Amino acid sequence: MSQRTYVSDLPQAIGQTVHVAGWVRFRRSAGTKLHFLEIRDGTGVVQTVVRRGSVPDEMLDAASKVPLESSVLVTGTIKEDARQAGGVELQADTFEVVAACPEDFPIGKKEHGTGFLFDHRHLWLRSAKPAATLRLRAHIVRACRDHLDGLGFVNVDAPIFQSAAAEGTATLFPVEYFDQKVYLSQTGQLHMEAAAQALGKVYCFGPTFRAEKSKTRRHLTEFWMLEPEMSFAHLDDSMALMESLIGHVIDHVLEHCQDDLKILERDTSALERARPPFPRISYDDAVERLKGTDAEIAWGDDFGAPQESTLSAAYTGPILVHRFPAKIKAFYMRPDPERPELALGCDLIAPEGYGEIIGGGERASDLAYLEHKIAEEGLPPEAYTWYLDLRRYGGAPTAGFGMGLERVVAWLGGLDHVRAAAAFPRTMSRTWP
Ligand code: 4AD
Ligand code: MG
């Protein structure tokens, strides 16, 4: 189609003749002379009227029986109609079926189970909510990049094939790599630390992998992570960036994604109330606050979903929990100089029970300390020599974090599971389609 008009642009085309290309999502006839089609094209849905006398008879006939999900081309005139979505209606002059869909399209009006829908994800994506989620996700990606690019960060892509664990050996995916064993990336952080010594402030944004044996609504085996890393930076710098990034993403989504948030039935007032500043709570304080609740833990225990939900229940927005026991955090975290049993790390916990969406902090810069930690955790020292070079050769302290994209999409979109935030989610039990 040479001058195709997208549905989202139709309100600006009142009175004009346009070419619309899309898929039929609903059909209704008023007798044999008048057929109403809802046509979606990914940017919106337009009510299309095919009327005898306005289109050739064979096109009227085709429109009268076009199966749902067929792809079609319509040429017609845009009329103002306040009752319709977008405030316009398309009155057809021509109607053409590009590819007819058989009547057995698997996804219909009746309720389907979640397993069935994810097995047919390649077709389910055409439905309103999955499509709205993917547009929301794309906006969130754009907002993240805009924020960091605007602050002068350089986007550097981390490798997917990696030679060592950064987030524990329990969740590594080994890959046969010629005659070697390597792993799918759990994080781009270690490579961003190298890049930050070259470029000042950097970020990577790409797929990361965890062989998570947990079947929770927060865990995928493949997810996307945004990972900024800043040189000459400390824990506070990393917390400030978490806060400004999430603030920017919320603002962007509220400004640009209202239609999709409505399709997702998201309560946007909850997002309005989730704007910065975000309260900062130390792990010590958190353990105190959890005393006497169902989520009470002993000092030294890690948080799980119950701790995160109980703590954040008192707030309408995210909270920043910092200075966790070093024992429960990754080897690369800098110990607090005043209390070495603590790590200078921070998690950002989303409200409404969505839990940790960001983890990060300041990196250890002391070579001997890192060598000790690598040995203590039983990691193979030869896999980290390049990483330790960063400390040997004039390394400035760096700080940063990783933001899990699907968790952010799930929270902002009000989704009940992170798998709904990915086009083709990968979990312990799913690598199809
Ligand atoms: O807290 P994590 O494990 O931190 C890191 O990987 C650091 N190396 C990041 C850094 O400092 N550059 O993971 C960061 C975030 C989590 O807060 C969560 O949002 C997401 O990544 N995440 C997952 N999302 C979905 N499924 C999983 N299995 C996830 N594991 C982590
Ligand atoms: Mg974490």
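In what order do the 8 strands of the open sheet stand? The order is 6-10-11-16-15-14-13-12, and the pairing is mixed. Here, strands pair if DSSP finds at least two bridges between them. Let's take a friendly walk through the rest.

## Ground rules

This is a predicted model, in which local features need pLDDT of at least 70 and side-chain atom pairs count only at pLDDT 80 or more, while totals for chains, interfaces and linings use all residues. Residues are numbered from 1 along each chain as its sequence is written, chains are lettered from A and ligands numbered from 1 in the order in which they are written, and side-chain values use heavy atoms, with hydrogens and water left out.

## The protein overall

The protein holds 13 helices and 16 strands. These elements are DSSP runs numbered from the N terminus: helices are H or I with at least four residues, and strands are E with at least two. The C-alpha trace spans about 85 × 55 × 40 Å along its principal axes.

Of the 433 residues, 50% are buried. Buried means under 20% relative accessible area, exposed means over 50%, and partly exposed lies in between, using a 1.4 Å probe and protein chains only. The protein exposes about 20100 Å², and carbon and sulfur atoms supply 52% of that area; accessible areas come from the Shrake-Rupley method with a 1.4 Å probe, and for residues only the protein chains shown count as cover. Counting contacts (heavy atoms within 4.5 Å) between residues at least 6 apart in sequence, 65% join residues at least 24 apart.

Strand 16 (residues 398-404) is joined to strand 15 (residues 355-362) by 5 bridges, and the two run antiparallel. Within this pairing, isoleucine 358 has methionine 403 as its bridge partner, and glycine 359 stands opposite glycine 402. Strand 11 also pairs with strand 16 in the antiparallel sense, over 5 bridges; methionine 230 stands opposite alanine 399 there.

Why is strand 16 described as largely enclosed by the rest of the structure? The reason is that 7 of its 7 residues are buried. Thr398, Gly400, Gly402 and Gly404 point one way from the strand, while Ala399, Phe401 and Met403 point the other way. In a regular strand the side chains alternate between the two faces of the sheet. Helix 13 (residues 405-413) lies across strand 10 (201-209), strand 11 (222-231), strand 14 (342-350), strand 15 and strand 16. The helix runs at about 55° to strand 16, where axes are lines fitted to C-alpha atoms (for helices over the stretch in contact) and angles run from 0 to 180 degrees between N-to-C directions.

## Around ligand 1

Which residues come nearest to ligand 1? Of the 22 residues around the ligand (a heavy atom within 4 Å), they are Glu167, Gln189, Arg210, Glu227 and Glu356.

Several polar contacts, meaning pairs of N or O atoms within 3.5 Å, can be picked out. Within protein, one atom must be able to donate a hydrogen and the other to accept it, and residues adjacent in sequence count only if both atoms are side-chain atoms. A polar side-chain atom of arginine 210 lies 2.8 Å from an oxygen atom of ligand 1, and a side-chain N or O atom of glutamate 227 is 2.6 Å from a nitrogen atom of the ligand. Isoleucine 358 contributes a backbone N or O atom 3.4 Å from a ligand oxygen atom. Taken alone, ligand 1 exposes 630 Å², of which the protein buries 94%.

## Loops and backbone details

Aspartate 81 sits in the loop between strand 4 (71-80) and strand 5 (88-99). Its relative accessible area is 9%, so aspartate 81 is buried. Beyond its neighbours within four places in sequence, aspartate 81 is in contact with Gly87, Val88 and Glu89.

Most residues other than glycine have a negative phi, and most peptide bonds are trans. Phenylalanine 232 has a positive phi of about 50° and lies in the loop between strand 11 and helix 6 (235-256); this residue is exposed, at 66% relative accessible area. Glutamate 265 has phi near 55°, belongs to the loop between helix 7 (258-263) and helix 8, and is exposed at 61%. The peptide bond from proline 276 to proline 277 is cis, with omega near 5°, and proline 277 lies in the loop between helix 8 (268-272) and strand 12. Another cis bond, with omega near -10°, runs from tryptophan 432 to proline 433, in the segment after helix 13.
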